[in-house]
Amino acid sequence: MIISFFGPQGSGKSTQSFLLAKRTGMLSFSMGDALRREVKENTEIGQVIKEILKRGELVPSEITNEIILKAINSPEAEKGIIIDGYPRNKEQLDFYSKNFHTDYAFEFFISDEVAIKRLSNRRVCPNCGLNYNIMNLKDTYKCTVCNVELVQRDDDTPESIKRRLEIYKKEIIPIREYYKNLGVLHILDASKSIEEVDEDLRKILNIK
Ligand code: AMP
């Protein structure tokens with residue numbers, strides 16, 4: 001089973017992906033996380049894409065296509081995979097739609113204002129990738145799972161956030177259309193609370 005999540009940055013895709021994966025045993029896969037891991041581990045790919053990620057631009061599709069192939073065919077995805085952040089443009093969509101079938105696609109809908117506010121307040125665990133909103137934290141900014149200090153992402157600066165939202169809006173049009181024509185598109189009101197969006201998702205997927 002392939003479930004696809006898409007929506008602007010800050011719309012809560014990765015939070016919901018973690019929750020759904022925990023519940024179902026599916027693999028939660030984020031293309032952004034996979035790319036950041038390459039940079040962190042300073043791999044050959046990591047060295048090529050480091051600056052691209054910092055600027056908030058899209059990395060070449062040859063790289064992302066290879067990464068997605070590996071993820072979908074990995075043993076961890078045996079029970080299915082939730083894909084967050086791929087495909088992200090027409091070139092990736094062409095490759096993806098030729099090779100795979102999507103069972104459910106969820107669009108996480110929020111306004112620019114909400115996205116910018118959430119991203120400015122976002123901190124992330126450098127170890128496991130869990131996202132936190134500092135408005136929901138008390139005095140310490142530590143990961144509740146790994147107990148390490150949370151960090152702000154390099155690309156969560158106002159300039160980069162704006163650029164990413166612009167790229168997102170332009171590139172997502174053919175992808176939304178593709179899922180719509182396939183009859184698998186569901187639109188979620190992602191301005192709701194984490195619990196409410198989780199409930200909406202489970203209703204559609206028929207998961208208790
Ligand atoms: P995200 O974690 O989804 O916000 O992605 C962080 C960054 O990773 C993006 O701004 C892009 O630079 C890169 N990235 C993530 N997914 C893709 C993709 N499907 N294609 C190209 N670049 C991507």
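Modeller: Phe5, Tyr104, Phe106 and Phe108 form one aromatic cluster. Rings of Phe, Tyr and Trp (its six-membered ring) pair if their centres lie within 6.5 Å; planes under 30 degrees apart are called stacked, over 60 edge-to-face, and the rest tilted. This is a predicted model, in which local features need pLDDT of at least 70 and side-chain atom pairs count only at pLDDT 80 or more, while totals for chains, interfaces and linings use all residues. Residues are numbered from 1 along each chain as its sequence is written, and side-chain values use heavy atoms, with hydrogens and water left out.

There are 7 aromatic pairs in the structure. One of them joins phenylalanine 5 to phenylalanine 108; the pair is tilted, with 4.9 Å from centre to centre and 55° between the planes. Phenylalanine 5 belongs to strand S1 (residues 2–6) and phenylalanine 108 to strand S4 (residues 104–109), so this pair ties together parts that are 103 residues apart in sequence. Helices (H or I, at least four residues) and strands (E, at least two) are DSSP runs, numbered from the N terminus. Phenylalanine 5 is buried, at 1% relative accessibility, and phenylalanine 108 is buried with a relative accessible area of 1%. Buried means under 20% relative accessible area, exposed over 50%, and partly exposed in between (1.4 Å probe, protein chains only).

Tyrosine 86 and tyrosine 96 make an edge-to-face pair, 5.9 Å centre to centre with 80° between the planes. Tyrosine 86 sits in the loop between strand S3 (81–84) and helix H5 (90–99), and tyrosine 96 in helix H5, 10 residues apart. Both tyrosine 86 and tyrosine 96 are buried.

Leaving aside residues up to four places away in sequence, valine 148 touches Cys125, Pro126, Asn127, Tyr141, Lys142 and Cys143, where contact means heavy atoms within 4.5 Å. Valine 148 and proline 126 are 22 residues apart in sequence, and their C-alpha atoms are 7.9 Å apart in space.
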